[in-house]
Amino acid sequence: ITVLATHFAERMTSELGRPYFPGFTAAAMARLHADPWPGNVRALRNTIERSVYRMARPDRPLDDVVFDPFATPWRAPPPAADAPDAGFHARRRAFEAGLLREAMQASRHHQKHAAERLGLTYAQLRHLLRTHGLLTPPSGE
């Protein structure tokens with residue numbers, strides 16, 4: 001994991017036009033080693049590339065490993081399902097979004113597997129992810 005993660009990070013750093021990759025913090029490397037990587041090397045590569053791209057301080061060692069491709073500091077959190085003033089529809093939407101997030105995390109963001117976990121077709125899952133703002137379109141769309 002260390003060798004592959006470093007390779008992917010250095011390659012992404014180069015693609016971004018940055019002068020060098022300062023490495024990983026010990027905590028970040030521990031998180032990388034602790035993950036079971038059921039999505040194989042591609043999941044590791046995607047995680048590393050995403051983390052390098054989102055580095056707030058590219059001159060310091062990478063500490064924030066971004067496992068969730070849908071994680072963003074710019075999206076407002078959904079309304080709490082147990083909020084006293086939340087109506088039926090708001091609570092249902094929050095519950096749905098929670099189920100979608102759980103399935104995506106449990107399947108390591110493999111949409112086909114998440115759909116199967118929820119008893120949905122792939123198209124149904126994609127529609128719900130879009131509806132709840134949990135699907136980011138690939139660049140170029």
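Student: What does the secondary structure of the chain come to, in helices and strands?
Tutor: The chain has 6 helices and 0 strands, where helices (H or I, at least four residues) and strands (E, at least two) are DSSP runs numbered from the N terminus. From the N terminus on, the elements run α-α-α-α-α-α. The model is predicted, so local features need pLDDT of at least 70 and side-chain atom pairs count only at pLDDT 80 or more, while totals for chains, interfaces and linings use all residues. Residues are numbered from 1 along each chain as its sequence is written, and side-chain values use heavy atoms, with hydrogens and water left out.

Student: What share of the residues counts as buried?
Tutor: Of the 141 residues of the chain, 30% are buried. Buried means under 20% relative accessible area, exposed over 50%, and partly exposed in between (1.4 Å probe, protein chains only).

Student: Which residues touch the most other members in the largest nonpolar core?
Tutor: F21, F24, L32, I48, V52 and L62 do, in a core of 17 residues. A nonpolar core is a set of buried Ala, Val, Leu, Ile, Met, Phe, Trp, Tyr and Cys residues joined through side-chain atoms within 4.5 Å. The elements giving two or more residues to this core are α1 (2-15), α2 (26-34) and α3 (40-53). Apart from it lies another core, of 10 residues, including A103, M104, A114 and L125.

Student: Take V52, then. Where is V52 found?
Tutor: V52 is in helix α3, and its relative accessible area of 0% makes it buried. Leaving aside neighbours within four places in sequence, V52 is in contact (heavy atoms within 4.5 Å) with A9, M12, T13, L16, R18, F21 and L62. The C-alpha atoms of V52 and R11 are separated by 9.9 Å, although these residues are 41 apart along the chain.

Student: What about E49: buried or exposed?
Tutor: E49 counts as buried because its relative accessibility is 19%. E49 is also found in helix α3, and, not counting residues up to four places away in sequence, E49 touches R11 and M12.

Student: Changing topic: how many aromatic pairs does a search of the whole structure find?
Tutor: The search finds 2. Rings of Phe, Tyr and Trp (its six-membered ring) pair if their centres lie within 6.5 Å; planes under 30 degrees apart count as stacked, over 60 as edge-to-face and the rest as tilted. The rings of F21 and F24 have centres 5.1 Å apart and planes at 65 degrees, so that pair is edge-to-face. F21 is buried with a relative accessible area of 14%, and F24 is buried at 17%.

Student: Which residues form the tilted pair?
Tutor: W37 and F67 form it, at 5.8 Å centre to centre and with 40 degrees between the planes. This pair links distant parts of the chain, 30 residues apart: W37 is in the loop between α2 and α3, and F67 in the loop between α3 and α4. W37 counts as buried, at 10% relative accessibility.

Student: Which residue lies over the face of W37?
Tutor: R108 does, at 5.9 Å from the ring centre. A charge sits over a ring if NZ of Lys or CZ of Arg is within 6 Å of the ring centre and within 35 degrees of the ring normal. R108 is placed in the loop between α4 and α5 and is partly exposed, with a relative accessible area of 24%. Its phi is positive, at about 55 degrees, although R108 is not a glycine.

Student: And what is the phi of H109?
Tutor: H109 has a positive phi of about 70 degrees and is not a glycine either. H109 is found in the loop between α4 and α5, and it counts as buried at 16% relative accessibility.

Student: Now α5. Which of its residues are buried?
Tutor: In helix α5 (residues 111-118), Q111, A114 and A115 are buried. They lie on the same side of α5 because they cover an arc of only 100 degrees around the axis, the arc being that of the directions from the helix axis to the C-beta atoms. The buried residues of α5 pack against α4 (88-106) and α6 (122-131).

Student: Which exposed residues does the face turned away carry?
Tutor: That face of α5 carries E116 and R117. The helix is followed by G119, whose phi is positive, near 70 degrees.
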